[in-house]
Every structure is written in C-alpha cells, then in structure tokens.
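Visitor: I'd like to learn how to read strand pairing and aromatic contacts in a model. Could you walk me through them?

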Amino acid sequence: MYIFNINCINVKFFFKPLAVVFITIFSFITMVKGQTRNEYRGTILSADSTLLLKGINIINLRSKSRSLSDIYGNFALDYKLGDTIEFRHDHWETKLILGDALKDSIFLNKKSIVLEEVVITSNRRNTEIMDLKSIQKEKNKKGGIYYGGRPPIALLNPFGGKPITFFYELFSKNGRRARKMEKNIKDAELENKVDSAFNINSIKKVVSIKDDEIMSFIEKYRPTTEQVRTWNTYDLYLYIQESYESFKKTKVQ
C-alpha cells in the first residue's frame with residue numbers, strides 16, 4: 001500500500017509540469033493568433049443591383065486605419081480578429097461587420113433621398129398649393145362638404161350614422177368639385193416634389209453647367225413625378241449626370 005502511494009505521487013509530479021507546458025503553449029498560440037494582422041481585400045456593391053461602389057470609406061474602429069474603395073469597388077484593409085469594420089458613405093447606409101465575419105463582397109443599401117438638401121422653401125408652386133388649400137377649405141365650408149367629397153362608409157350605419165351626408169358628399173355637385181380640387185392639390189404637391197429634387201441648386205452640386213444652359217437643361221430633362229417618387233439621393237445625382245452628358249452631346253450635334 002505504501003509503494004502504491006509513492007507511485008501515485010510520482011505520476012502526479014510527472015503530469016503536472018506537462019500540463020503547465022501545454023497550457024503555456026496554448027495561451028501563447030491564442031495570444032499570437034489574436035495579434036496577427038490580416039489584410040482583407042473585398043469589393044463593395046449596391047444591394048439591389050450589380051453596381052460597383054467607389055468612394056466608400058472603410059474604417060477599422062479599433063486601430064482607426066482607413067481605406068477607400070476604388071472605381072471598381074475594390075479595397076484593402078488590415079484587421080485583427082475581433083476588430084469591427086465600418087463601411088460609410090453619405091448616400092449609402094452605414095454597415096458594421098466584425099473582422100472574422102468579413103466576406104469577399106460587401107453589399108450596401110441606398111439611403112432614402114433627403115430633399116431638404118435641395119428644397120427651395122419659398123417658390124411659386126408652394127404659394128399656389130397654399131392658395132388652393134385655402135380656396136378648397138372655404139368652398140367646402142360653404143358647400144356643406146366635411147369629408148372632401150369622400151365620405152367614410154361608417155356614415156351609412158343605421159345606428160348613429162348619417163346616410164344623407166354620405167350620399168350628398170358622394171353624388172352632389174359640391175362633392176364632385178371637392179374631389180377634383182383635392183386631386184389638383186395632390187398633383188401640385190407631386191410637381192413641387194420634382195421641383196424640390198431637380199432644381200438649379202441640386203444640378204450645380206453634381207455637374208458644371210453654365211448659367212445660360214441651365215434653364216434649357218431643366219426644361220428638357222425634368223423628371224416625372226413617378227421617377228422622383230422612388231428615387232434616393234444617389235439615383236437623383238446619377239440621373240443628373242447621365243442627363244447632362246446627353247444634353248452636351250445633343251448641343252454639339
């Protein structure tokens with residue numbers, strides 16, 4: 001029994017240094033791995049097309065190192081495991097990706113258009129819209145129209161509803177006039193949205209156009225309300241660039 005205990009003690013003293021060595025080696029490998037720099041190369045694209053994105057700022061938030069995507073959307077950046085990489089641009093939504101989750105292709109979503117950048121706060125169309133709304137309010141009041149000629153179906157409820165009001169708003173001359181005026185106001189507001197996006201200020205931000213050319217350019221290439229409805233800032237700027245290139249070619253011809 002005494003001999004057995006000695007053997008156990010010998011085995012214990014044999015494995016203890018060995019365990020310490022393995023733990024030390026493992027810790028060293030982990031430390032080295034965490035400090036190893038990797039160069040990441042990738043390409044940045046639009047999430048809803050195959051458009052390659054240039055000029056995107058790529059930032060390692062830990063080391064503060066930076067890169068910029070080229071005309072083909074390509075970039076390179078050093079990082080360590082655990083670093084966070086930020087992709088940022090004024091016209092694209094900011095994206096954060098952990099260094100160990102980086103992929104060959106990075107897809108960015110477009111930002112919604114911010115028309116406040118180019119809106120003209122006081123213009124002729126704004127004045128027209130305010131005048132139309134004032135006239136509409138006055139005429140509806142005189143004509144007994146309270147729902148703009150579009151009465152809610154709840155007015156037909158026999159318990160507490162107002163069926164006479166419903167049919168009057170829907171079929172009377174005043175009701176038809178109210179609906180027509182409401183449509184005119186909405187059309188004017190849509191045209192005002194086009195003015196807010198496509199105007200002298202926004203055009204000069206994108207292209208170098210002469211003052212004596214700009215009114216002709218606006219008249220010829222004014223976008224439709226349907227186009228502007230779905231645009232973001234990038235779409236607007238791209239449309240201005242492409243339209244101006246076409247304008248110059250037409251002028252030369």
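Predicted model: local features only at pLDDT ≥ 70, side-chain atom pairs only at ≥ 80, totals over all residues.

Visitor: In which sense do β2 and β5 pair?

Guide: Strands are DSSP runs of E with at least two residues, and helices are runs of H or I with at least four, numbered from the N terminus. Two strands pair if DSSP finds at least two bridges between them. Here β2 (residues 57-60) and β5 (residues 84-89) are antiparallel, with 4 bridges, and Ile58 has Phe87 of β5 as its bridge partner. β5 also pairs with β6 (residues 92-98), again antiparallel, over 5 bridges; these two strands form a hairpin with 2 residues between them.

Visitor: How many aromatic pairs are there?

Guide: Rings of Phe, Tyr and Trp (its six-membered ring) pair if their centres lie within 6.5 Å; planes under 30 degrees apart are stacked, over 60 edge-to-face, the rest tilted. The structure holds 11 such pairs. One of them, Tyr221 with Phe247, is edge-to-face, at 6.3 Å centre to centre and 80° between the planes. This pair links distant parts of the chain, helix α6 (residues 211-221) and helix α8 (residues 233-252), with the two residues 26 apart.

Visitor: Is Phe247 buried or exposed?

Guide: Phe247 counts as buried because its relative accessibility is 8%; buried means under 20% relative accessible area, exposed over 50%, partly exposed in between (1.4 Å probe, protein chains only).

Methods
Residues numbered from 1 in each chain as written. Heavy atoms only, no water.
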